[in-house]
Amino acid sequence: METTNFVYNLIPNETIAIIVISVIPLIFLIVYALLAILGELKISAWIQERLGPMRTGPWGILQPIAEVVKLIQKEDLTPDSANKPLFNLAPYIIFMGAYASFAVIPFSRYFVPSGINIGLFYIFAVGSIAVIGIVMGGWASNNKYSLLGAMRSVAQIISYEIPGAMAILSVAVLASSLDLEKINIAQEGGIWNWFIFGGQGSWSKIWVFPFTLVLSLIYLVASLAETNRTPFDIPEGESELVAGYHTEYSGMKFAMFFFAEYANMFVVAAVLTITFFGGWNSPFGNFMQGPGWDVFWFISKAFFFVILQIWLRWTLPRLRVDQLMYVGWKVLLPFSFICFLFISLFKMIN
Amino acid sequence: MSIGLTHYLVLAAILFSLGIFGIITRKNAVLVLMGLELVLNSANINFIAFAKFGGLNIQGHVAAIFVIILAAAEVAVALAIVLNIYQNYRHVNIDEVDKLKE
Amino acid sequence: MLEYIKNVWLGFWTVIVGMKITFTHLFEKKVTVQYPDDRYPIPPNARNKLHLEPTLCNGCTSCARICPVNCIKVETLRVVPDDPEQPMIADGTKRKLWVPVYDIDFAKCCFCGLCTTVCPTFAIKHTVEFEYSTYSRDDLYVRFSDMSPEKVAEKKKMLEEFQAKEKAAKAEAARKAAEEKSKAEAQAKAESSPVTESKESN
Amino acid sequence: MGEKKRIELDYSKIESDRMRLNVGPQHPSTHGVLRLEVELDGEIVTEVVPHIGYLHRCFEKHAEKMTYPQVIPYIDRMDYVTSMNNELPYVMAIEKMLGIEVPEKVQYIRVIMCELNRIASHQIAVATFGLDAGAFTPFLYFFRDREYILAIFEKASGARLLFNYFWIGGLAADVHPTFKEDVLAIVKQVRKTNKEIEDLLIYNKIFIERTANVGILPPDVAINYACSGPVLRGSGVKFDLRKNEPYSIYDRFDFDIPVGMGEVGTVGDCWDRNIVRMREMEQSCRIIEQAIEQMPNEGDVQEKLPKKIKPPKGDIYMRAENPKGDLGFYIVSNGTDKPERVKARGTSFVNLSVLPEISKGYMFADLILILGSIDIVLGEVDR
Amino acid sequence: MTINEIYEQLKEEYGDSIIELIENPPCDSSIIVKAESIFDICHTLRDKPGFEFDYLMCLSGLDLGENLSAVYHLYSMKHSHKVVLKTIVPKDNPKIPSVEKIWRTADWHEREAYDLIGIIFEGHHNLIRILCPYDWEGYPLRKDYKEPEYYHEMKVPY
Amino acid sequence: MGLLNKLNQPYEAGGIILGTFEDILNWGRARSDWYLHFGLACCAIEFMAMNASHFDFMRFGTIPRATPRQADFIMITGTVTLKMAERIKKLWEQMAEPKYCISVGSCANCGGPYWEHGYHVLKGVDRIIPVHVYVPGCPPRPEAFQDGMIKLQKMIKEEAIFRKRKKLEEETKIELSA
Amino acid sequence: MDIFSIVFYLFAVIIVVSAAIVVMSKNIMYSAFSLLFTFFGVAGIYVLLNADFIAVTQIMIYIGGILILIIFGVMLTSRITGVDIKSGTTGKVQIAFAGVISLVIAITLIFLFANTKWFTSELKPHQSTIEDIGKELLTNYLLAFEVASVLLLIAIIGAAFIARRKS
């Protein structure tokens, strides 16, 4: 389908338009990351019957800005024993991996930064770039905790890519496309047509619901593991490995890691939104539907899943590394295979 | 001069010879594998280049996919062998791995 | 297999239960006391910063002796009996000692409360004050004595004079005593000697 | 022999895929300043060498220089989360040497305070154990409750943590008038939170998977290592000084000794040690309720004592059930007002020595949990 | 079993190695034994039916001025009885056989006694300092100990 | 170029802009102080209590970090022994500038109850690392910790970034003229 | 020079430089990590050649899979606790020999490529290569596809069997 992007209409020069398009997600990412950091601080505090940051601006809402101001001023340490080129390169590679995913995320039907027709596949592929960055940072720090954290992180991300991919693939089967926009369009027409309820179709799709539900849960769990969030925050588990692969990082380089983590959280939440929860579609059919509403629905749904990740983080203890593998390979993978098979069968019959 | 087929082929050729150089000079088995990957990549560039310019069309893409699959399988098995060598010899110097069984 | 399904279900279910609990806490009333604005009630007998009421202290130094960490430094000066400004304890009894030095090093103090219990006049007390963080350690060394250096010097001088006087008096007394003794001895001698003399004379 | 100055690590013997990791002394989950030298084979722990002494504050040297009442503040600072329980065996030992009977009311207050402090200590233990497992929220719920208990202590003694409340022959001060109601309110709150934590943490499947069948300590090994407290009881040995050798007035109360039963794993694993603590909190609540009921309202809180406490020449070993195990004081008196020697048998010191034994063969993440389940306080290990 | 009975039985078995029984109520009674035979006595105390002291409560080192002393507090889980053993060794040759093989808990206790008092436990597998740093000098709990002026360029006294 | 030009000029010329800029920078550092988990002894328990719900240290914008690299200030809570002192020095060196230190409790201030006979206790952490705020107490109340924190924030807020340079310049000028 | 050429030369330089680092660096980890840039550059070249599916596959399989495996291989077979892992090369004579050989190969190939009149027929770019590839794979190349799947399975099992720890 033709890529529709309002920026091209606004700016005639293609080069400038491309630059503008690539900057918009960055701005969004910065604003979102500030909000998410504040959300993390506040939600964790409220869950624990605390108040969270209160003294930076009214109700502490300026807290993330203060943090950024501080991190800019912080000395950028490079340990003497570290491997300097790789140590300095790693945060940027990780951030690149996270940011590259934003290229295909459809915020609205009039704003898709780059609508390639294998968007889903692309998001999965660029997710693995961050892995290299993690290994690079972990190894170059020349610190055993960092190295252990990096190795664990890699093993974890790679193992959880498979169930996650299976879950996403079944959506691709339902939508017969890897194109994120097509997937979005296939879910038009109210909450009942979202892929969690089987997409558009007759009443017989009710049979799909349990499987799509399980698949969405599987993807949620797998995405938690991929973004190193509790209960899968083993690579940076404070109680064992001081801070995991970013133990030796400080200042802006650490901020890059921090940023990349929150960016990844948004990416997985966005993928979950697009694949199972209707993407930019309003839950009420044509009511509250339109280009502006698209952005609203998409971002609010994605935010819900970001908040869900935060909520889970402050509820659960963390798993051990072998149990993590157990969950990945022996629980999520078989379940995702079963569901995938069933959905394929359903699609074939229909 | 606009970028044509020859450019891609020359690039592939350079990559190929670099890979060969690596395979010959390196002692460490893992580095030899890396050289091999370079060679396979250069072959793949050729496939895709011919797919676009040489009329190989979509078949070139399919061939590239098979090459990638082969590379994946090869790396998995080769690294397993390397690990096994390491467990037996405590090094991975392929020049010195000349015994079938210790 | 059944075990496996059960475990997976349990894993799922207990996570849901945990999330439910944290969710209810999300909207509960928060217990946080916002410190500089609001304060947590501190009972009056709380053992925080020590405070000495110099007018109450009678200089017995029992607090310095009981202190396990020796953070109290007390120096006393005897009160001269004919001092025009007799120090009084608040309850009206007369004090026998000036306390020119009463220092507590809060950097060392272990806030055990032993000094307050041994104080016979309840001069040293724990207060509820705890906000005395400083930028320098020297500021934690608190001098409680209300006597100015001049006054201390004056009292010292007075005491010295008195002591000198006393010494002199003592020396006088001693001399007198000695004199008396010698006199007495002499007398005794004199008394006895006549006898001997008389004996001799006899 | 004996003259060797440091552990010489023979790195040449270590195979290349083993890794030596230095955990601590500054590490988020060594519960203070413990240093563990861990040898890892991949993720499997093959050897643990604890290095202690990073908080060696020379308690025993100080005790020799102090008079008997002056030692009590230092005893507070030994195991700083269970100060009340620390003071009890010491004052009981001196009282026994002097032949003093303390008043009835003092006995009851001492028991209530000890049990409250036991709850507070176990709350910290379970909370930090949960923290080791990665659950931050239960930690704060426990600390919220602990704050109420500390408020009682502060009202009674004036201090929040290091009380100096039990004195030889009595107490530092009488409790406040609303003591009974406050304590009963706390008991209620403790029970409510424990129920919640059980749902949130203890019976959480992830937590069970992490802790069950991990760090199994068989009972005979536990006894040979002289473990005590929840570590020993977690292994299924029903031994509690409050029952087996009742001191103070513990024989007047009706309570059970919870032991590890291996409900979700093997007897003596981390989960058992942890659940013993949870159940002991409930038993402490029972003791407190009975004590509040029986406690006389009137009475003196300080026995008349000579001005200088001079126990007779001799030595005495007195032990009492600390939240962490039996804490013993070996006091040698030379007839003056200063002790000749006070040796503290640190509970955590002894319990920690079993760590290398029970952590071999588990994963590195388990080592942290095993350490957490032993519940050490470095102040008592190093003294 | 009271300490007197234990004393009698041990006296029967070991004769001269058991020196005397000190009774001093209200303080603890203790049995003084010779240092050389402490390992055998402890072994008997742990394994002989009737004794079964399976629990070493405490092992303390003492500085008695001229001599050093080690005190063993034993407890039996089965019979709930206690005994206190004491050994006295001269300060210039403070050697006592280690009981680490009998009760594993003695490992750290003995290291501590070595560290602070300077008693050398023969047969201990790893008798090194435990609380003080490995390069510490002197035995801090001895009465004649003087604290060092500097340790690793850090001033020690206040 | 405006701002940059003025940056090179002395403080007075840059006046308000530079002053505000400095205020913003200081505000950021004062309001977002990440601290190093560093519990040593008794005070660490009160430190935990201060982090807990009733007192909630995070209100001040502090976030616990497990690694010294990312921490802005360190709270020495408890007795520093000689065995530990070298580690603390190392940790302090590992922290990135700008860094601060709060010494909490009698033990960290000067050895506390162990100052007299503590042969193994470092008598004051200021002997090995610089200390910016001393919080007395043994252990201090959680509020006292926060009081120390407020004092530290106050100190950071009044810190001079550009003014310092100006002052240095002035000093060198005086030296040159003299 | 249009933007297309610039991008091509950029990628070409990235590929050649990083590949040179791969084969010449003394530090194994440098080799491994510069392989990342080689693969990335190759993926870029694929994109230039309108093969977006192959490009994404390249990233996914080579970077997400093979490179990680290689890095793990390096880490498991070297003492990686330090940052300076040196890798020995064969003797100088051999290096010279290898250099000559690869130079000869390169020159021959380039000469060959430059002087051959390739049959070129530039096709219009595919709108969706993935659809065509899928159709091809499941029709004309079905056997090869199945064989490849079996091969992968065998490779997984074989690798797991060979590399397992002998008790």
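Which distance separates the closest C-alpha atoms of chain C and chain G, a pair that no contact joins? The closest C-alpha atoms of chains C and G lie 24 Å apart, contact being defined as heavy atoms within 4.5 Å.

1. Basis. This is a predicted model, in which local features need pLDDT of at least 70 and side-chain atom pairs count only at pLDDT 80 or more, while totals for chains, interfaces and linings use all residues. Residues are numbered from 1 along each chain as its sequence is written, chains are lettered from A and ligands numbered from 1 in the order in which they are written, and side-chain values use heavy atoms, with hydrogens and water left out.

2. Chain pairs. There are 13 pairs of chains in contact, and chains B and G share the most contacts of these. Chain A and chain B are not joined by any contact; their closest C-alpha atoms are 14 Å apart.

3. Interface of G and B, extent. Chain G brings 79 residues to this contact and chain B brings 67 residues. The buried area is about 6700 Å², with 77% from carbon and sulfur atoms; buried area is the accessible area (1.4 Å probe) that two parts lose on being put together, summed over both. Of the area that chain G buries against chain B, 10% is supplied by V23(G), L49(G) and T77(G), more than by any other three residues.

4. Two residue pairs are in polar contact, both at pLDDT 80 or more. A polar contact is a pair of N or O atoms within 3.5 Å; within protein, one must be able to donate a hydrogen and the other to accept it, and residues adjacent in sequence count only if both atoms are side-chain atoms. On the side of chain G that touches chain B, at least two residues each come from α1 (3-24), α2 (28-48), α3 (52-77), α4 (92-115), α5 (129-138) and α6 (142-163) of chain G. Helices (H or I, at least four residues) and strands (E, at least two) are DSSP runs, numbered from the N terminus. That side of chain G divides into 55 nonpolar, 19 polar and five charged residues. Here Ala, Val, Leu, Ile, Met, Phe, Trp, Tyr, Cys and Pro count as nonpolar, Asp, Glu, Lys and Arg as charged, and the others, Gly among them, as polar.

5. Interface of A and G. The contact involves 29 residues of chain A and 28 residues of chain G. About 2600 Å² is buried, 83% of it given by carbon and sulfur atoms. F121(A), I132(A) and W139(A) account for 25% of the area that chain A buries against chain G, more than any other three residues. Between chains A and G there are zero salt bridges by the rule and zero residue pairs in polar contact. Helix α6(A) gives the largest share of the side of chain A that touches chain G, seven residues. That side comprises 23 nonpolar, five polar and one charged residue.

6. Second largest pocket. Its space is about 1200 Å³, and 38 residues line this pocket, with V221(A), V8(C), G11(C), F12(C) and V15(C) nearest its centre. On a 1 Å grid over the protein atoms alone, a cavity is a set of points where a 1.4 Å probe fits but cannot get out, and a pocket is an open set with protein on both sides within 12 Å along at least five of seven lines; lining residues have an atom within 4 Å of a point. Helix α1(C) contributes ten residues, the largest share of the pocket lining. The lining holds 32 nonpolar, four polar and two charged residues.

7. Second largest cavity and P139(F). The second largest cavity has 21 lining residues, and R47(C), N48(C), P139(F), P140(F) and R141(F) lie nearest its centre. The peptide bond from C138(F) to P139(F) is cis, with omega near -10 degrees. P139(F) sits in the loop between β5 (133-135) and α6 (142-157) of chain F.

8. Salt bridge of A and D. E49(A) and R144(D) form a salt bridge, with their closest N and O atoms 3.0 Å apart. E49(A) is in the loop between α2 (14-47) and α3 (63-73) of chain A and R144(D) is in helix α5 (residues 137-157) of chain D, so the pair joins two chains.

Terms used
Points joined across faces, edges and corners; volume = space filled by probe spheres on them. Salt bridge = Lys/Arg side-chain N within 4 Å of Asp/Glu carboxyl O.
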